[in-house]
Amino acid sequence: MKSQELRKKAPELDSLRLGSGWKTEDLSKPQIIVESSYGHSHPGSAHLNRLVEEVDKAVYQTGSFPANYYVTDICDGEAQGHDGMNYSLVSRDIMAGMIEIHAKATPFDGGIFISSCDKSVPAHLMAIARLDISSIFLPGGIMKAGPGLLTLEQIGKYNAQYERKEITEEQFLEYKRNACPECRACSFLGTASTMQIMTEALGLALPGTSLIPANTPYLKEAARQAGERITLLVKENLIPSHILTPQAFENAIMVHAAIAGSSNSLLHLPAIAHEAGIELSPDTFDRLHRRIPFLLNIRPSGFWPGEYYWYAGGTPAIMEEIKDFLHLDARTVTGKTLGENLEVLKQNGYYEQGHPYLEKLQVSREDIIRPISNPIRKEGAIAILKGNLAPEGAVIKHSAYLQS
């Protein structure tokens, strides 16, 4: 193991770790960095230490030693409307750099990466590709909607209505007070939710773990499973470069088409691919979005709040609908292929987990995830346009007009 090789080269290492509270027997175990964006910066990160604790317990029980590291993120929502937005995209790259520093300055054999939001998720994915040690991404989940299915992306509309004096100040304040009722990613398919889904589509998150809602016990279970799996991943020497292939990125883009994912993914997926030594062009997005139908009726391109995604089967349900297009032989962090994972989920009762929630809401699976035989649109959500106004190309998300 790398950690044990470098112990011999750094004689002070054992002393310093013992001084940090490690036990002598911990020094010879596989060393796992548990990197999260925990911090009080916004709801998508404020809860993550609870997941870190679950991961730590599971890692330790499997015979490895977890070490917790943190680089928190900023919130795009809190940065809007002022100079703060100028720090948004650069924060992704600085986070990735700090995670690289954490994992390279001290020897680790594997890592679990925990985040939820717009810049932290792509930063973690870039770092995973760059480090190329056995890694699992654990998505931080999604918050439930507020009263009357209120979600954060509606606040802009209510702000405009307040400025036009169409609603009272008290009504506007009530909307603002209830749009984010708890921690986790905001309950619509913005960049945060999209990128969580991309981690699973790429094969770096355990199957069915993207956008687990806050009001279920399954996110805690996902943390435990990730902690148990990472030790085996290290022993198998299954590393991100075995998973992040051109086929994996095509799978992610096809899922992106089916869900009408955030157009910011065209900034993040190519950056992640670049770290993996893969060039991902805008034309690839255009080509695949023209093949894959748009299926997901989730805001902002659809009607329902984002928490309903997982109730309807989540990313595996989307993949089942577009299975004929996917590279089912792509490897994943389970050690199985994508196709094998989908078969296991059908056998282990994964899809039944969401049924009680759907029944309580009186919503059907097809209301949320349309069958491929009856799509919302025959093509995906994104198009790359070229012409005299944009000779190098322009991105348009045409699904956004469906709810206008």
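Guide: Welcome! A pocket is an open set of points on a 1 Å grid with protein on both sides within 12 Å along at least five of seven lines, and its lining residues have an atom within 4 Å of a point. Please keep in mind that this is a predicted model.

Visitor: How much space lies in the largest pocket, and which residues lie nearest its centre?
Guide: The space in the largest pocket comes to about 800 Å³. Its lining is made up of 35 residues, and those nearest the centre are Gln80, Asp118, Leu152, Glu153 and Phe188.

Visitor: Which elements give two or more residues to the lining of the largest pocket?
Guide: Around the largest pocket, you can look for the elements that contribute at least two lining residues. They are helix H3 (43-46), helix H5 (76-79), helix H8 (155-163) and H10.

Visitor: How many residues in the lining of the largest pocket are charged?
Guide: Sorted by class, this lining has 15 nonpolar and 14 polar residues. The remaining class, charged, has six.

Visitor: Which residues are the closest to the centre of the second largest pocket?
Guide: The second largest pocket holds about 450 Å³ of space. Among its 19 lining residues, the closest to the centre are Leu206, Pro207, Gln225, Leu345 and Asn348.

Visitor: Which element gives the most to the lining of the second largest pocket?
Guide: Two helices, H11 (218-236) and H18, each supply at least two residues here. The one that gives the most, with five residues, is H11.

Visitor: How many cavities of 30 Å³ or more does a search of the whole structure find?
Guide: A cavity differs from an open pocket in that a 1.4 Å probe fits inside but cannot get out. Searching the whole structure for cavities of 30 Å³ or more gives a count of three.

Visitor: Where does the largest share of the lining of the largest cavity come from?
Guide: The largest cavity has about 80 Å³ of space, and 14 residues line it, including Glu200, Pro207 and Met319. Helix H17 (314-321) and helix H18 (338-347) are the elements that each give two or more of these residues. The largest share, four residues, comes from H18.

Visitor: Which helices supply at least two residues each to the lining of the second largest cavity?
Guide: The second largest cavity has about 40 Å³ of space. Among the residues that line it are Glu200, Ala201, Ala248 and Asn251. The helices that each supply at least two lining residues are H10 (191-201) and H13 (246-259).

Visitor: How many disulfides does the structure hold?
Guide: To count as a disulfide, two cysteine sulfur atoms must be within 2.5 Å. By that rule, the number in this structure is zero.

Visitor: How far away is the nearest cysteine sulfur from that of Cys117?
Guide: Cys117 takes part in no disulfide. Its nearest cysteine sulfur belongs to Cys186, at a distance of 6.4 Å.

Visitor: Is Cys117 buried or exposed?
Guide: The cut-off for buried is under 20% relative accessible area. Cys117 has 9% relative accessibility, so it counts as buried.

Visitor: In the salt bridge between Lys57 and Glu54, how far apart are the closest N and O atoms?
Guide: Both residues sit in helix H4 (residues 48-61), three residues apart, which is about one turn of the helix. Lys57 is partly exposed at 46%, whereas Glu54 is buried at 15%. The distance between their closest N and O atoms is 3.3 Å.

Visitor: Is Arg164, which has a relative accessible area of 51%, buried or exposed?
Guide: Arg164 meets Glu166 in a salt bridge, at 2.7 Å from N to O. Glu166, at 48%, counts as partly exposed. The cut-off for exposed is over 50%. Arg164 has 51%, so it is exposed.

Visitor: Which residues are linked with Glu320 in a network of salt bridges?
Guide: The structure holds 22 salt bridges. One of them joins the side chains of Glu320 and Lys323, at 3.1 Å from N to O, and Lys323 is partly exposed at 22%. In the network, the residues linked with Glu320 are Lys323, Glu343 and Lys346.

How values were computed: Residues are numbered from 1 along each chain as its sequence is written. This is a predicted model: local features need pLDDT of at least 70, side-chain atom pairs count only at pLDDT 80 or more; totals for chains, interfaces and linings use all residues. Side-chain values use heavy atoms; hydrogens and water are left out. Grid points are joined across faces, edges and corners, and a volume is the space filled by probe spheres set on the points. Buried means under 20% relative accessible area, exposed over 50%, partly exposed in between (1.4 Å probe, protein chains only). A salt bridge is a side-chain nitrogen of Lys or Arg within 4 Å of a carboxyl oxygen of Asp or Glu. Ala, Val, Leu, Ile, Met, Phe, Trp, Tyr, Cys and Pro count as nonpolar, Asp, Glu, Lys and Arg as charged, and the others, Gly among them, as polar.
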